[in-house]
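Please refer to the sequence and structure shown below while reading.

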Amino acid sequence: MKLSDIESEDLKKNQSAELEGEVTRDIIDILEEEGITVRMLVDTALELYAPHPGLETKELAEERFLAELDIALSDPNLCLLIYSGILLEKEGRDGRLPNISKSSYEKDLTFIIADEVLGMSISKYISGDKGMFEFVRFDKQKPGILCELGPFMDDIIGGLIGGVSANMYTRAMAEAAGPSGKTSTKEKKAEPKTKSDVIAG
């Protein structure tokens with residue numbers, strides 16, 4: 001029997017497709033409470049900046065990165081993934097992680113891979129396989145704030161920066177190519193038209 005052969009009732013068919021109620025906390029504010037500012041995210045991303053069509057200068061890259069970050073963080077699912085890492089970091093500092101001692105958390109033991117899985121999940125959620133590639137690049141080199149963060153947050157923030165950076169390059173190159181598919185020689189201001197998708201199209 002295939003899974004597709006199993007009959008099931010959609011128990012969520014009458015649920016609202018929109019978020020309801022007032023949002024009282026923003027992930028940017030929560031990150032700032034942890035000492036991680038948007039400026040730090042940008043500076044860390046730009047440490048591994050490489051010129052591409054549509055991103056010929058660091059100024060253009062910064063503008064595009066901020067726009068892509070805004071798009072990504074408009075998705076509550078991504079914000080919840082980031083928040084899970086924040087909570088794990090807090091629990092680790094307090095020695096309250098299940099089945100892991102405080103000293104094991106502090107040593108960031110290599111056989112503990114939950115942090116890596118979260119970082120990869122975040123980068124892939126934002127930008128697919130390209131995001132995963134960027135996550136690995138940032139995770140190996142640990143530029144900027146990544147070298148200062150705890151065992152969970154370095155991967156969480158590395159995943160966020162990696163995914164957003166991948167979208168930054170992908171969307172900028174697509175726009176520079178234009179409808180003809182050929183790269184334009186003019187520098188364009190990179191600004192997405194909508195926040196409809198986290199994945200760069």
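The text below treats the nonpolar core, one serine, and then the cavity and the pocket.

**Nonpolar core.** The model is predicted. Its largest nonpolar core comprises 36 residues. Within that core, the residues with the most contacts are Phe65, Ile82, Ile157 and Leu160. Two or more core residues come from each of helix H1 (27–33), helix H2 (38–47), helix H3 (58–72), helix H4 (76–93), helix H6 (114–141) and helix H7 (153–177). H7 gives the most to this core, namely nine residues. In soluble globular proteins, nonpolar side chains tend to be buried together.

When its neighbours within four places in sequence are left aside, phenylalanine 65 is in contact with Leu41, Val42, Ala45, Ile161, Val164, Ser165 and Met168.

**Serine 84.** Serine 84 belongs to helix H4. Is serine 84 buried, partly exposed or exposed? Its relative accessible area is 25%, and because buried means under 20% and exposed over 50%, serine 84 counts as partly exposed. The side chain of serine 84 reaches the backbone oxygen of leucine 81 at 2.5 Å. Serine 84 and methionine 153 are separated by 69 residues in sequence, and their C-alpha atoms lie 9.9 Å apart in space.

How many cavities of 30 Å³ or more does a search of the whole structure find? The search finds one.

| Space | Volume | Lining residues by class |
|---|---|---|
| Largest cavity | about 70 Å³ | seven nonpolar, one polar, two charged |
| Largest pocket | about 420 Å³ | nine nonpolar, two polar, four charged |

The largest cavity is lined by Leu97, Ile100, Ser104, Tyr105, Asp108, Leu109, Ile112, Asp115, Pro151 and Phe152.

For the largest pocket, the lining consists of 15 residues. Of these, Val23, Arg25, Ile27, Pro76 and Cys79 lie nearest the centre of the pocket. H1 and H4 are the elements that give two or more residues to this lining. Which element supplies the largest share of the lining of the largest pocket? That share, four residues, comes from H4.

Note on methods. Residues numbered from 1 in each chain as written. Predicted model: local features only at pLDDT ≥ 70, side-chain atom pairs only at ≥ 80, totals over all residues. Heavy atoms only, no water. Core = buried A, V, L, I, M, F, W, Y, C linked by side-chain atoms within 4.5 Å. Buried < 20%, exposed > 50% of the residue type's maximum accessible area, 1.4 Å probe, protein only. Contact = heavy atoms within 4.5 Å. Polar contact = N/O pair within 3.5 Å; in protein donor to acceptor, adjacent residues only side chain to side chain. 1 Å grid on protein atoms, 1.4 Å probe; cavity = no way out; pocket = protein on both sides within 12 Å on 5 of 7 lines; lining within 4 Å. Points joined across faces, edges and corners; volume = space filled by probe spheres on them. Nonpolar A, V, L, I, M, F, W, Y, C, P; charged D, E, K, R; others polar.
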